[in-house]
Amino acid sequence: MALHGLVLPNSLVVLTAARSRPPVIIAGRCSSARFVFSSPSANTKLIVPSSSTNNPYPATDREEEVAGGEDEHELKLLGTWRGPFALRVRLALNFKGLSYEYQEEDLANKSDLLLESNPVNKKVPVLIHNGVPICESLAILEYIDEVYRGTGPCLLPGDPYQRAVARFWAAYIDQNLVAPWWKMFVGKTDKEKHEGTKQTLAAVEKLEVALRECSSGKPFFGGDNVGYIDVVLGGMVAWMQGTEALCGLELLDATKTPLLLAWMERFGGMEPAKVVLPDIDRLVEFAKMKRAQKALI
Ligand SMILES: N[C@@H](CCC(=O)N[C@@H](CS)C(=O)NCC(=O)O)C(=O)O
Ligand SMILES: *[C@@H]1O[C@H](CO)[C@@H](O)[C@H](O)[C@H]1NC(C)=O
């Protein structure tokens, strides 16, 4: 396994920055099939794209070196171990095989770095690339995908229509799954909780259809590889798995959502996901405690 760091939530975690050798990032093509995460080398950042026939955006045949010095690859992520928004960014970084420094934030006592980096929303995640902050998880995912186009699998597809579809479902997940799930979990009244539950269940049924259509029989929303929708939904995997313990209902079942159920198992079992997805029991315990305290989670 290529992660030379311990994943200890609530502490500063440094996921190996192999500084001895500068990363070379090759732009121009997506290496759709190459999976770099499990490389035993410390220099997992050094990836040459496979000669894929995938046509990325903007289309170009020229492979061009866009980064040479180590300063070009200074990535730091501010997040929380449990937040679905920060998790999706960590998933993306891991699946692309990028090393980064991770800083756990205490949302009740935000760091100066967070307040300075995201003065508008003061929220996590924030990705800081060579000192420049990028905010909002979906914008961060697109940024990573564009800047490290030659590194690891592409998140967004090369085809503009397919990209629009992927962005559609990402927005759908935020609006129709993440937000209602929250309402189901911490709704102030029974009516609100009930509404949240109804919306959440409706969303997973729609996502079942989306998975069927996007994957065309392949393992992921992204097809053969984990893509944009996979990591966006991936941030919710532990919460989805903890739903029964937290809200008293099974979110996915083998009859109504067989594909999503299988997807969740498959995704959660992959090494780049396993190292960041929170332990369900710990998450459930933490979430129950915060709900009881009516505290910010
Ligand atoms: N739309 C944002 C949502 C980010 C978000 O809601 N982050 C939460 C943690 S999960 C946060 O930082 N909350 C702190 C606060 O609101 O003060 C994104 O996609 O990045
Ligand atoms: C808030 O965070 C700072 C460091 O960022 C720390 O020194 C301080 O003790 C924290 N305060 C509380 C109340 O946790």
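Residues are numbered from 1 along each chain as its sequence is written, and chains are lettered from A and ligands numbered from 1 in the order in which they are written. Because the model is predicted, local features need pLDDT of at least 70 and side-chain atom pairs count only at pLDDT 80 or more, whereas totals for chains, interfaces and linings use all residues.

The secondary structure of the protein comprises 11 helices and seven strands, taken as DSSP runs (H or I of at least four residues for helices, E of at least two for strands) and numbered from the N terminus. Of its 297 residues, 40% count as buried; here a residue is buried if 20 or more other C-beta atoms, placed from the backbone, lie within 10 Å of its own, exposed if 12 or fewer do, and partly exposed in between. Among the contacts with a separation of 6 or more, 68% are accounted for by residues 24 or more positions apart, a contact being a pair of residues whose C-beta atoms, placed from the backbone, lie within 7 Å.

When residues up to four places away in sequence are not counted, Tyr228 touches Leu141, Leu155, Leu156, Ala166, Ala170 and Gly222.

Helix 5 (residues 190-215) has 26 residues, and its end C-alpha atoms are 37 Å apart, in agreement with the 38 Å that it should span at 1.5 Å a residue; the expected span is 1.5 Å times one less than the number of residues. The buried residues of helix 5 are Gly196, Thr197, Thr200, Ala203, Val204, Leu207, Ala210, Leu211 and Cys214. In an α-helix there are 3.6 residues a turn, so residues three or four places apart point the same way. The cover over the buried residues of helix 5 includes helix 4 (160-186), helix 6 (228-234) and helix 9 (258-268). Just after helix 5, Ser216 adopts a positive phi of about 45 degrees.

Helix 11 (residues 280-292), with 13 residues, reaches 18 Å from its first C-alpha to its last, close to the 18 Å expected at 1.5 Å a residue. In the segment after helix 11 is found Lys294, which has a positive phi of about 50 degrees although it is not a glycine; with 8 C-beta neighbours inside 10 Å, Lys294 counts as exposed. Gly242, in the loop between helix 7 (237-241) and helix 8 (243-247), is by contrast buried, with 23 C-beta neighbours inside 10 Å. Its contacts beyond four places in sequence are with Ile280, Leu283 and Val284, and the C-alpha atoms of Gly242 and Ala287, 45 residues apart in sequence, are 9.7 Å apart in space.

The residues around ligand 1 (those whose C-beta atom, placed from the backbone, lies within 6 Å of it) are Gly83, Phe85, Leu107, Lys122, Lys123, Val124, Pro125, Glu136, Ser137 and Leu138. By class, this shell has five nonpolar, two polar and three charged residues, where Ala, Val, Leu, Ile, Met, Phe, Trp, Tyr, Cys and Pro count as nonpolar, Asp, Glu, Lys and Arg as charged, and the others, Gly among them, as polar. Lys122, in the loop between helix 2 and strand 6, counts as partly exposed with 14 C-beta neighbours inside 10 Å. Leaving aside neighbours within four places in sequence, Lys122 is in contact with Lys110, Leu114 and Leu115, and its C-alpha atom is separated by 9.3 Å from that of Cys135, 13 residues apart along the chain.

Most residues other than glycine have a negative phi, and most peptide bonds are trans. A cis peptide bond, with omega about 5 degrees, joins Val124 and Pro125, and Pro125 is placed in the loop between helix 2 (112-117) and strand 6 (126-129). Asn130, in the loop between strand 6 and strand 7 (132-135), has a positive phi of about 50 degrees although it is not a glycine; Asn130 is exposed, with 12 other C-beta atoms within 10 Å.

Definitions and conventions. Two residues are in contact if their C-beta atoms, placed from the backbone, lie within 7 Å.
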